[in-house]
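Have a look at the model first, and then we can walk through them together.

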Amino acid sequence: MKKGSSGNRKKRRPPRLEAPVNRYPTRDNVYNLQRERQRRQAQAERQAREWQQAQMGYAQTPHPAKRKKHRQRRRGSHMMMPLLVFAIIALYLVGQIGSLAIKGSDIDVETVAYGTIDTPEVYTGLILREEYVVDSTRDGQPYYQYSQGDYVPKGAVVCTVKDTDSTDALESKLNQIDKDILKSQKARTDLSAFSEDISRLEDNVSRTVDAYAGRSMRSSLSYMYTLKSQVTSFMDQRNEIWLTENVDSLSQLTEERNVYEQQLAQNQSALTASEAGVLCLSYDGMEKKLTPDKAEQVTEKQIGDAKTQYISKAKSVAKGDPLFKIITDNKWYVVAYLPNNAVAGWEAGKTSRTLNMMTEEETYKISADVESLTAGDKQTKVVFSSYEHMEDFMESRTISFSLEGTVTEGLKIPNDAIVEKSLLKIPRSCLTESMGNTGVLLVKGSSTKFTDITAVTSDEDAVYIELEDSGLKTGDVVLQGTGEDAAQVTLSELLPHAGVYVANSSIAKFVVIDVVEQNQEYAIVQAGSTTGLQPYDTIVSDAKNIKEGDSVF
């Protein structure tokens, strides 16, 4: 063995146990004799126990410094264990919270509160205007000088209908003659009677061009169209003077021109506006019948009958076909039949209302005066008038509108929160009680079984339950009454009920609602009804993301 190893060490001898000496105590310690004996005996036993432990594990006994380190390591291991357990528990809780957050992220909830929604009633009205339609006087191809919505002066040519087979050749010959006349007029050396007028018009052309000079670098070129229009107008006036001037040297060309013009006039028709107004290329055949002075004669049956027909500029027309319509007044009228309660307090000539006039593209807010009121048993015929947005409705005869400012108040919930369920109807006469629970006696062969139920909603005659919660289904037979007079009733009626999922607790619960009014986004629900929905209840905002019994939080 190596020097210094535990094998080379001398074994320790056990300590000598000194036998207690029986001595007489002094007078002062006579009363402590028993205590002294016990102390000595305990000391001897402790010495023997230490010697035995030294004999058994002396070689393995570490150095005092090593024993200290061992104790520190053992103490460290004992401290690490609680920390490890705590870390595992913390990680588990974080994972659970994260999974709940991910699972519930698509389940939005909100608190029910009182609110209002704009729920106007939509009515149908009939439009009346001052207007007239002009029909074609011949067969041919129409050529329009104005566009839809343009203002047309009185007497202006709106459309020319031509027999193109004849007019094309005549117009070609006329154009050539006009070129020859203009060329001759420009080359004349003698003084024209209209030379001053011609010089003035040519000066106007020059000044107009100079006024627009230098604008070509602008970002917008709209001024170019104005320039072209003005120059063309001056040149047309000059050419007209030259073409109509009676000059001997041009008499032959002038006579030929007159002949071709007469032939052209026989093969085309120019239709003018007898009264000034706005051009409209549609009609419905009611223009003469539905005028403002006949508003009181309009019946409810007439509203919605008219059908608008549109006029095409590209199609040829026959004699008698409508070519265009002229609306002569910006003031237009709407006749409608409204419920008596909707017009309560209105006075003809004194009341104005904002009407939401609806088209397929958008809704226009129009201020309208109440021209007349004709009361009936349930409805009142109202004639409105307005100067606004006439051009936006000049092609319409029937219009949908609502009155501005119609609101409904109550519990406000989103439409997405509403879901419809079919509930099983149970007559109240079939209900019974057992041990404080309400239920029915379900017939099973020759015996009956009490089945408790939870009513979702009720009325005077019956209660309504969910099939999945009660265990009952259509076709089940229950007893009605008791004793010998009890009758059997088959449950067969499933009735739809609108409701929402209430999430006051962690479990979604279906609650029936009574919808008072509804628009495109929200519904107003009656508060304080038997449905159970109350202010400040928490509901699921989108019912498609949840079903009965799902955990919400």
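Is Cys280 buried or exposed? Cys280 is buried, because its relative accessible area of 0% falls under the 20% cut-off. Please keep in mind that this is a predicted model.

A disulfide is a covalent bond between the sulfur atoms of two cysteines. Searching the whole structure turns up 0 disulfides. Cys159 is buried, with a relative accessible area of 0%.

The table below lists some residues with their accessibility.

| Residue | Relative accessible area | Class |
|---|---|---|
| Cys159 | 0% | buried |
| Cys280 | 0% | buried |
| Asp476 | 9% | buried |
| Tyr92 | 52% | exposed |

Let us turn to Asp476. Where does Asp476 lie? Asp476 is found in the loop that links helix H7 (467-470) with strand E25 (477-480). Although Asp476 is in a loop, Asp476 counts as buried because its relative accessibility of 9% is under 20%. A polar atom of the Asp476 side chain sits 3.0 Å from the backbone nitrogen of Lys473. Leaving aside residues up to four places away in sequence, Asp476 touches Leu442, Gly471, Val489, Thr490 and Leu491.

Now to the surface. Tyr92 belongs to helix H2 (residues 64-104), and Tyr92 is exposed because its relative accessible area of 52% is over 50%.

Methods: Residues are numbered from 1 along each chain as its sequence is written. This is a predicted model: local features need pLDDT of at least 70, side-chain atom pairs count only at pLDDT 80 or more; totals for chains, interfaces and linings use all residues. Side-chain values use heavy atoms; hydrogens and water are left out. A disulfide is a pair of cysteine sulfur atoms within 2.5 Å. Buried means under 20% relative accessible area, exposed over 50%, partly exposed in between (1.4 Å probe, protein chains only). Helices (H or I, at least four residues) and strands (E, at least two) are DSSP runs, numbered from the N terminus. A polar contact is a pair of N or O atoms within 3.5 Å; within protein, one must be able to donate a hydrogen and the other to accept it, and residues adjacent in sequence count only if both atoms are side-chain atoms. Contact means heavy atoms within 4.5 Å.
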